[in-house]
Amino acid sequence: MDKTTKAIHTRYPLPDAYGALSMPVYHVAAYEFADADIMADAFCGRVPMPDYSRVLNPTVMHLENKIKELTGASDVIAFTSGMAAISNALIALAAAGKNIVTSRHLFGNTYMLLEKTLRKFGVEPRFCDLTDLEDVKRNIDADTCCLFLEIVTNPQMEVADLRALAEIAHAQGVPLVADTTIIPFTHFNAGKLGVDVEIVSSTKYLSGGATSLGGLIIDYGTCKEFNAKIRQELIFNLGGYMTPHAAYMQTLGLETLCVRYERQAASALALARKLKELPQIKRVNYVGLEENPFHEVARRQFGETAGAMLTIDLADEQACKRFINNLKLIKRATNLFDNRSLAIHPSSTIFGPLTKEEKDAMDVLDTTIRLSVGLEDVEDLFADIKQALDAN
Ligand SMILES: *Cc1c(COP(=O)(O)O)cnc(C)c1O
């Protein structure tokens, strides 16, 4: 069955008492049981029945089940945010004395999670160059608990060669954990490329117009004891399970995900091509452009589409700030893949708290503007960018 059809029609296994066409929002904390034995089975995880909504909730289970059907994963676990999904996954794998092999090209809070929060518990982040496979090999040792990466980094737009990196990690018995937020799971299969645990900030494409926060762990079942650690320990103890209201919003978002994404990715490519013609723009960085150094690997892994995020570089930081101030249609905001297009100057905002040395090490330039392309008409977007540059 086609993914769009599946996204709409996968139903929750239990019939609704009233035949409701969309999943009702179970805004409840606890559930009643028929007898003590069923209650014991539910509490001990022998039957997947909700007992308390910190751990299981029918509306959230419905979203999880739909994504499981779409990805072929062995389990999908939904969290309150992308960061909750990332922190749960890394806490499940790490322990004091272990190390995480990764790159400095990371989402700002993920970098801080590794550099500050987890380091405090004796977990060592090892930042290496993921485009240099020898460097990755050298950094993995007997204490490595995972290789963690983002499939397309933001704002550098570096694309990881998943098969090659999975091969290196697996040869040493190390799982590959990939944050795939930038390309939706409906358009490529991370599991088939060797990813053991896929992580998604569902706040982005999935929520359907930035309606809610959410995160997903998509577990391909290849990482020993990982699932039990999350479902039977961390979900209880860390309390980051998705809320039923967010799950409802994101289930609606999932129904239109493919249609929205395909338009946004097509507009991003059309816009990237047009922006190359403007003299004030020093560089357009989009992996969908043929001349981009990561174009081939992106195409091989992700297929026809290359996401809806691109960056442009202007002369200097002041030019970037004036450009942002001149925008009339595109919104000055963080976030990605809203229905409306968004622009941000990452160096002074998301990476603002970091030192100049840290920004240099992460290749975050003060000349870069990040654009998230929405559903608007592409000519309208181009006209707004052009007038903002001309007014500079
Ligand atoms: C937004 C984002 C996150 C964090 O997700 P939240 O839902 O905001 O917690 C993690 N990784 C990437 C690549 C992101 O874009």
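Where does P155 lie in the chain? P155 is found in the loop between β4 (144-150) and α7 (162-171), where helices (H or I, at least four residues) and strands (E, at least two) are DSSP runs numbered from the N terminus. The peptide bond that leads from N154 to P155 is cis, with omega near 10°. The model is predicted, and local features need pLDDT of at least 70, while side-chain atom pairs count only at pLDDT 80 or more and totals for chains, interfaces and linings use all residues. Residues are numbered from 1 along each chain as its sequence is written, and side-chain values use heavy atoms, with hydrogens and water left out.

We can turn next to the ligand. A polar backbone atom of G82 is 2.8 Å from an oxygen atom of the ligand, and a backbone N or O atom of M83 lies 2.9 Å from an oxygen atom of the ligand. On the side of D179, an N or O atom of the side chain is 2.6 Å from a nitrogen atom of the ligand. Of the 380 Å² of accessible area that the ligand has on its own, the protein covers 91%, with areas taken from the Shrake-Rupley method with a 1.4 Å probe.

Another loop, between β10 (331-332) and β11 (342-344), holds S341. With a relative accessible area of 3%, S341 is buried; buried means under 20% relative accessible area, exposed over 50%, and partly exposed in between, with a 1.4 Å probe and protein chains only. The side chain of S341 reaches the backbone nitrogen of G374 at 2.7 Å. N335 also lies in the loop between β10 and β11, and its phi is near 85°, a positive value in a residue other than glycine.

A positive phi, near 65°, is likewise found in E225, a residue other than glycine. E225 lies in the loop between β7 (215-219) and α8 (226-238), and at 60% relative accessibility it counts as exposed.

The structure holds 0 disulfides, a disulfide being a pair of cysteine sulfur atoms within 2.5 Å. The closest cysteine sulfur to that of C223 is in C146, and because the distance is 8.4 Å, the two are too far apart for a bond. C223 counts as buried at 13% relative accessibility, and C258 counts as buried at 3%.

Technical notes
Polar contact = N/O pair within 3.5 Å; in protein donor to acceptor, adjacent residues only side chain to side chain.
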